[in-house]
Amino acid sequence: MDISIIIPNYNGKDLVRQLIESVYNNDTINKLTYEIIVVDNNSSDGSVEYLKSLFCDIKIISNKKNLGYAKAVNQGYQLSRGEFIIVSNSDIIVPHDFDFVRLINKLKNNNDIGIIGPQLLYKDGSWQRSYGNIPSAKSAVEDLLFITKIRQIIDKINYKLDRQKEKQVVGYVSGAFLVSKRIVFEKLNGWDESFFFYAEDCDFCYRARLQGFKVLFVPCFRVIHIGGSSSSAMDLQKYKKLQAESNLLFIEKHFKHDLNKYIILRQIFCWERLIVYKLLKKILKRQFKKELAFLGEIEGLKTGVKFMDSE
């Protein structure tokens, strides 16, 4: 078996259907042997029955409660047989010209490469952030000084001008669509299930790097990531809180000595940006979703403050 495609799902039956159909309609997938494994985290929208009625050749794991993204990935991996593992969000669409064969050959022909991530695009074809720096005090400084934002703007411009690098070694690639050699899963014993949602992809990539594998962003491979399709303003605040807590868990695990610095730097970052958006709101008389995001992150950072106080 060449490829195992693992799709964690929670109340996204129509998105999963769209993703599976896009795989079936791909120009190159049938040149390889593959399987699709959906891991349902106790959806209430009838996902399991719906997908079973549409696709008789996929494997479905039905959990009795929401076990989180990392646990779902590990369940899919344990059932899988592929030499290469693709982890995909439910809200991904694989273009018909996405070259699975070329992708697999790139991994086969390079022993030092363990993980590859493609360029993510919004449904309208616009650029989307697809990789990032490992969370640390250093990355927090770069965020504070706008270095990260400037790099993203440059990446966005290069995409529009079709001047992206052929490949790039990065800290981590987005778990929205991540391709890994099976041996990486074996050496790392899968994904760390202490991450319920967010930062589990970062942790997986970082641990792969520690084992000597390169993590590669290859923008010539492109997939559609709908992203935020069900996010309300309140969801955004909740998700940013959860994301901040997950990043703190990552730093506590890998860079414990940097935890205090990271929390302080991120708090400064959030409060500075929050002041700017509050001023803009007064001047322009409108609400900015970014303001809610920073409020959510500040709330999430309190987890780290409590951790510091307990030591």
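Biologist: In this predicted model, what percentage of the 311 residues of the chain count as buried?

Modeller: The model is a predicted one, and a residue is taken as buried when its relative accessible area is under 20%. Of the 311 residues of the chain, the share that falls in this class is 51%.

Biologist: What is the radius of gyration of the chain, which has eleven helices and twelve strands?

Modeller: With its eleven helices and twelve strands, the chain is as compact as a globular protein of its length, because its radius of gyration is close to the 19 Å that the globule rule gives for 311 residues. The C-alpha trace spans about 55 × 45 × 40 Å along its principal axes. The radius of gyration itself is 20 Å.

Biologist: Is asparagine 26 buried or exposed?

Modeller: Asparagine 26 sits in the loop between α1 (13-24) and β2 (34-40), where it touches Val94, Pro95, His96, Asp97, Phe98 and Phe100, leaving aside residues up to four places away in sequence. Because its relative accessibility is 4% and the cut-off is under 20%, asparagine 26 counts as buried.

Biologist: Which residue has its backbone oxygen 2.9 Å from a polar atom of the side chain of asparagine 26?

Modeller: Among the residues that asparagine 26 touches are Asp97, Phe98 and Phe100. The backbone oxygen that lies 2.9 Å from a polar atom of the asparagine 26 side chain belongs to phenylalanine 98.

Conventions:
Residues numbered from 1 in each chain as written. Predicted model: local features only at pLDDT ≥ 70, side-chain atom pairs only at ≥ 80, totals over all residues. Heavy atoms only, no water. Helix = DSSP H or I, 4+ residues; strand = E, 2+ residues; numbered from the N terminus. Buried < 20%, exposed > 50% of the residue type's maximum accessible area, 1.4 Å probe, protein only. Polar contact = N/O pair within 3.5 Å; in protein donor to acceptor, adjacent residues only side chain to side chain. Contact = heavy atoms within 4.5 Å. Rg over C-alpha atoms; globule rule 2.2 N^0.38 Å.
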